[in-house]
Amino acid sequence: MEQPHHISANRAPIAFVEFVVLIAAMMATGAIGIDTMLPALPTIGHDLGAAQRDLPLIIVMFSAGFGVAQLVHGPLSDRFGRRPVLLGSLGLYVVMNLLCAVAGSLELLLIARVCGGLAIAATRVVTVALIRDCFVGRAMARVSSLAVMTFMIFPIIAPSIGQLILTMGSWRLIFHVIAGTSLIVAIWFALRMPETLAPEHRVPLEWKRLVANWRLTLSDRQSVGYAGAVIGLQGALFGYITSIQPIVAEVFGEPDRLGIVFAGCAVVMACGNLLNSRIVMWLGMRRISHGAMLLLIVVASTSLAIEALGWETLWLFVVLQSITMACFGLAASNCSAMAMANMGDIAGTASSLQGFVVTTGGAIIGGLIGRAFDGTTTPLHLGFLTAGIVALALAAIVERGRLFQPS
């Protein structure tokens, strides 16, 4: 198809609804690959003769590749355009998942998982740059909230999807489904989405220029401050993912309720992002994100108090945790958009660096929260409380104390 030379700001290159759905589908292809196979790990270990202690590497190696590759995809997309990087990455991701499906050893499976993570990281980084190519300000936040919602929610519901697939076949079918879904999204993207980076805006792939762009990203007050806020919020989310299974099983003694708890919190978080897409044009990113951070602090403090008084029940925990997850969705999506607000000229490089530090930093914080589990819900509540306080403090620094301003 003939490529346009320029895409106007605040205008999607295709119908707006299709643009949003396609961007969300791109995000989902990467997010669903993180832990869909979690329910199948014991069977994978049995079939491949792997030790139980090595099975978490199937998740870890993918996440490691996903995190590191974000530093690469952004500069590549700034040099060659969004389309070739995304299409090439999706193609490699399809091949790697097919290789996972036929792997006869854990070693081959892990190699394919690392390569798959390296490839599909483009859907996290380059789509953010693509959105920034087409939208600015509140309009960007509106689209970003829907895209980020997809990326945040799918790792939470992915194990349930994997469990459903297992009822229809072996663990290998999970990788076939991921490959098939990714191929459909790639074809859709190839047929419908034009290039959004104008030729005159492409950045040569030079080491000195790359370092200069990293320095520019790290020297921008808004970029650093709001990306830092997202790191804390992302860490709390990862802490939830790593802690929720032992909390439901050991603290409340109802392991069979895990699916319902996961689904409930995911739905409320999705509703928060959908609400944001509706009201951000009216209220602005700063009012919504700062208000969500403040509410997160209040709800996390309330949860701590209830737990300390011995009044916490599973369903009260779910209600309050769902509210914190909604606050997370409202705050993280808007902070992500504001972190990119001044990065239009180097959107790919900036989103790659921000994505790397957010993913890596969030994973480290989430791992610490998970390891701090002590048979109570206290570490998780403390994690969300700390995330809210740090995020609001960073926002106050960025805004020089003037919070809740229209934007």
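Guide: The angle runs from 0 to 180 degrees between N-to-C directions, and the axes are lines fitted to C-alpha atoms over the stretch in contact. This is a predicted model in which local features need pLDDT of at least 70, side-chain atom pairs need 80 or more, and totals for chains, interfaces and linings use all residues. Residues are numbered from 1 along each chain as its sequence is written, and side-chain values use heavy atoms, without hydrogens and water.

Visitor: At what angle do helix 11 and helix 12 pack?

Guide: Helices here are DSSP runs of H or I, at least four residues long, numbered from the N terminus. Helix 11 covers residues 258–283. Helix 12 covers residues 285–308. The two pack at about 120°, with axes 7 Å apart. Helix 11 and helix 12 are therefore oblique to each other.

Visitor: Which residues in helix 11 and helix 12 meet?

Guide: Contact means heavy atoms within 4.5 Å. Helix 11 brings Asn276, Ile279, Val280 and Leu283, while helix 12 brings Met285, Arg287 and Ile288. For classes, Ala, Val, Leu, Ile, Met, Phe, Trp, Tyr, Cys and Pro are nonpolar; Asp, Glu, Lys and Arg are charged; the others, Gly among them, are polar. By class, this contact of helix 11 with helix 12 has 5 nonpolar, 1 polar and 1 charged residues.

Visitor: Is isoleucine 288 buried or exposed?

Guide: Buried means under 20% relative accessible area, exposed means over 50%, and partly exposed lies in between, with a 1.4 Å probe and protein chains only. Isoleucine 288 has a relative accessible area of 7%, so it is buried. Beyond residues up to four places away in sequence, isoleucine 288 touches Asn276, Ile279, Val280, Leu283, Leu330 and Asn334. Serine 170 is 118 residues from isoleucine 288 in sequence and 44 Å from it in space, C-alpha to C-alpha.

Visitor: Is arginine 278 buried or exposed?

Guide: Arginine 278 belongs to helix 11. Its relative accessible area is 73%, so arginine 278 is exposed. Arginine 142 is 136 residues from arginine 278 along the chain, yet their C-alpha atoms are separated by 7.4 Å.

Visitor: What does serine 182 contact?

Guide: Serine 182 sits in helix 8, residues 171–192. A relative accessible area of 1% means that serine 182 is buried. Its contacts, leaving aside neighbours within four places in sequence, are Thr29, Leu90, Tyr93 and Val94.

Visitor: What is phi at arginine 400?

Guide: Most residues other than glycine have a negative phi. Arginine 400 has a positive value, near 55°. It lies in the segment after helix 15, which spans 378–398. With a relative accessible area of 59%, arginine 400 is exposed.

Visitor: How do helix 1 and helix 3 pack?

Guide: Their angle is about 145°, with axes 8 Å apart. Gly30, Gly33, Ile34 and Asp35 in helix 1 meet Ile59, Phe62 and Ser63 in helix 3. The residues of this contact divide into 3 nonpolar, 3 polar and 1 charged.

Visitor: How much space lies in the largest pocket?

Guide: On a 1 Å grid over the protein atoms alone, a pocket is an open set of points with protein on both sides within 12 Å along at least five of seven lines; a cavity is a set where a 1.4 Å probe fits but cannot get out; lining residues have an atom within 4 Å of a point. Points are joined across faces, edges and corners, and volume is the space filled by probe spheres set on them. The largest pocket holds about 1,200 Å³. It is lined by 36 residues, and the closest to its centre are Asp35, Leu38, Ile59, Ile241 and Thr242. Helix 10 gives the largest share of the lining, 8 residues. By class, the lining has 23 nonpolar, 10 polar and 3 charged residues.

Visitor: How many cavities of 30 Å³ or more does a search of the whole structure find?

Guide: The search finds 3. The largest cavity holds about 170 Å³. Of its 18 lining residues, Arg124, Val128, Ser336, Met340 and Gln354 are the closest to the centre. That lining has 12 nonpolar, 5 polar and 1 charged residues. The second largest cavity has a volume of about 50 Å³. Its lining residues include Pro75, Asp78, Glu206 and Thr349. Helix 3 and helix 9 (207–219) each supply at least two residues of that lining.

How values were computed. Parallel < 35°, antiparallel > 145°, perpendicular 65-115°, else oblique.
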